[in-house]
Every structure is written in structure tokens, then in C-alpha cells.
Amino acid sequence: MRAVDRLMALLAAIFFLALGVGLAWRVTGGEPTLGLRFLAYVYGNPWRMALGVLVLFSFAAYFFWMGFRRRRTVKTVLCETPLGEVRIAERAIETLALRAARKVKGVHDANINVRATPMGLDIFVESTVGPDQSIPQITQDIRTRVADYIRETVGVSVNTVAVLITRIAPEHKARVE
Amino acid sequence: MEGYEPVVRGGNIRIANEVGGIIAGLAATEVEGVAGMSGGVVDGIAELLKKKNLAKGVKVEVGERQAAVDLYVILEYGAKVPEVAYKIQENVKRAIESMTGLEVVEVNVHIQGVAIKSEEAEEARVR
């Protein structure tokens, strides 16, 4: 459960608890309490009422959205073994490909996107490289390194590795050798 | 409580699904290369469960004589996925079969993510 979901659930629980306690108090013959006096205070001014309506509608809209939202499905790559299936999340392959791409000399950062196709994996690499690098050489190195590493560690065939150099990082002078 | 209830002389033995889940979770995390069980995916990032929540990353379906297991795991960076996945399947099958007597018909491994160890993540700044 996300933090915002917890917060909304907590606020809703406090609201309904207060409402329940107030009603129980009245049912058992208690005098009008703070809650009822607060309602009368809100009811006495159109702006306060509008604010109250807004808060209640926001709550209602949030819980409607909670009720109807779909769970995010995890895209996976399937491998069959004699003992059952092995499904590897595309995000897991992206993490591995990212580490492989970053190990190529001259690559400063990379962003990976993996798509599973019937022919194998299509891997898209967006990379930031250092200055004074041969772009054709570095793209070839990224392609080879990522494809080999994924084949070796995941055991799934790689169809294409597309490399896009998006940025040349500014030169960084090393402070130490 | 769902589970398998074999009839034996002198009484019944009832094996709860949760027990199968814990056995499978423990057997899976014993395998080298497994960082832990996954509690699901939140905002696209797989949640690594603590050791005490082992059964949460496991779904076990127990029949009268057979069981099927689904495991949601996070692997360590550097592990060879097919090898580790096969070891998980073997270890889980062996553990459940030896401890419960049920026949494990399939062990499906769902690799939800790859964890990078802290020392790996914080590579040395100088050599």
C-alpha cells in the first residue's frame, strides 16, 4: 500500500469513527456534542459548506478511483523448464542490461527499454557518453556487451540492440589517478 | 484454512497452504543468487521482502496428493538466471516433497527484479 493510500484510509477511518461515536452519543441520550456544533458552524456559511462539499467529493472520488483502478501488470519473458515455468520481468532484464551498458568504457549513463518479441528481445539503449569518444565504436561496444551479457545471464536470445546516443557528457577532470 | 488432509491410521494430518508457502520460501532463499522473495510490484519496482515474510512471495496450491508452487523472487546481480531458476525449482520441489509427502507437479519461478548489493552499487571511487 502506498503512503497516500495509507493516509487516505487513516483519514477516512478517523472521519467514520468520529461520526459513529457522535451518533452513538446522541442515540444514548447525550447532549449535542462538539461534532454536531461543528456541523452547525459549517452549515451556517455557504463558503464553509462549499469547502465541506469539496472535501467530501474529493474523498468520494479518491475511493471510487481506488475501487476501479487496475493493478499494474508485470510484463515478463517466459522460459519453460521440465519443472515448470520461469518468468523474468522485463524490468529485471532492464536492470541487467543497464549494468552491462554502463560497464562499456566511455558510457556515463544509460536508459534501457526492453520488449519481448517472438524472435527474441528488442533492447533499446539511450546513452550519455563522454567527450572525445568514437560514436560508431562506442555504439558497437554497447551492442555487443549488452547482447552478450543478456544471452549469457538470462539465457534468452537477443533480437536487436538499438543504441541512441542522446547526450555528450561534459568533460570531468579526475582529481585522482 | 485450506490445505491437504491425508487420512492415516490414528488420525488426520492437516498441512496448511501457509506451511507449504514457508517451506518453499525457505528453500528458495537458500539458493545462492537469490536476494529474497518479492512482495509484488509497487510503481514498477519490485519490493524485496524481509526474511520473516517468506511465505508472502509464494503461492502454493495444495490438492489431495499434489502441490503446485508459484514463487516471486528477486535475484542478486551477477547471478545466471536460468541456472538459479532451475536450482530454485529443484530445491523447492525436493523440500516440499521430503517434508510433506506431496508430489510437486510444477514450480513456477517469477523473477520480479534484480538487486544490486550495496558494495556493488557503491563502486570504489578511486583505485
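Reader: In which helix of chain A does A:L19 lie?

Author: The model is a predicted one. In this model, the place of A:L19 is within a helix of chain A. That helix is α1.

Reader: Is A:L19 buried, partly exposed or exposed?

Author: The relative accessible area of A:L19 is 42%. Buried means under 20% and exposed means over 50%, with partly exposed in between. Because 42% falls between those cut-offs, A:L19 is partly exposed.

Reader: Which element gives the most residues to the nonpolar patch?

Author: The patch lies on the surface and consists of A:F15, A:F16, A:L19, A:L23, A:V53, A:L56 and A:F57, with about 730 Å² of accessible area together. The one that gives the most, with 4 residues, is α1(A).

Reader: Is A:T128 buried or exposed?

Author: A:T128 is part of strand β4, residues 120–129 of chain A. Among the residues it touches, leaving out those up to four places away in sequence, are A:V107, A:H108, A:R167 and A:I168. The relative accessible area of A:T128 is 13%, and the cut-off for burial is under 20%, so A:T128 is buried.

Reader: What span from first C-alpha to last does helix α1 of chain B reach?

Author: This helix covers residues 17–30, which makes 14 residues. Its buried residues include B:G20, B:I23 and B:A27.

Key. Residues are numbered from 1 along each chain as its sequence is written. Chains are lettered from A and ligands numbered from 1 in the order in which they are written. This is a predicted model: local features need pLDDT of at least 70, side-chain atom pairs count only at pLDDT 80 or more; totals for chains, interfaces and linings use all residues. Side-chain values use heavy atoms; hydrogens and water are left out. Patches are made of residues with over 30% relative accessible area and no salt bridge: like charges are joined within 9 Å, nonpolar side chains (Val, Leu, Ile, Met, Phe, Trp, Tyr) within 5 Å. Accessible areas come from the Shrake-Rupley method with a 1.4 Å probe; for residues, only the protein chains shown count as cover. A salt bridge is a side-chain nitrogen of Lys or Arg within 4 Å of a carboxyl oxygen of Asp or Glu. Helices (H or I, at least four residues) and strands (E, at least two) are DSSP runs, numbered from the N terminus. Buried means under 20% relative accessible area, exposed over 50%, partly exposed in between (1.4 Å probe, protein chains only). The expected span of a helix is 1.5 Å times one less than its number of residues. Contact means heavy atoms within 4.5 Å.
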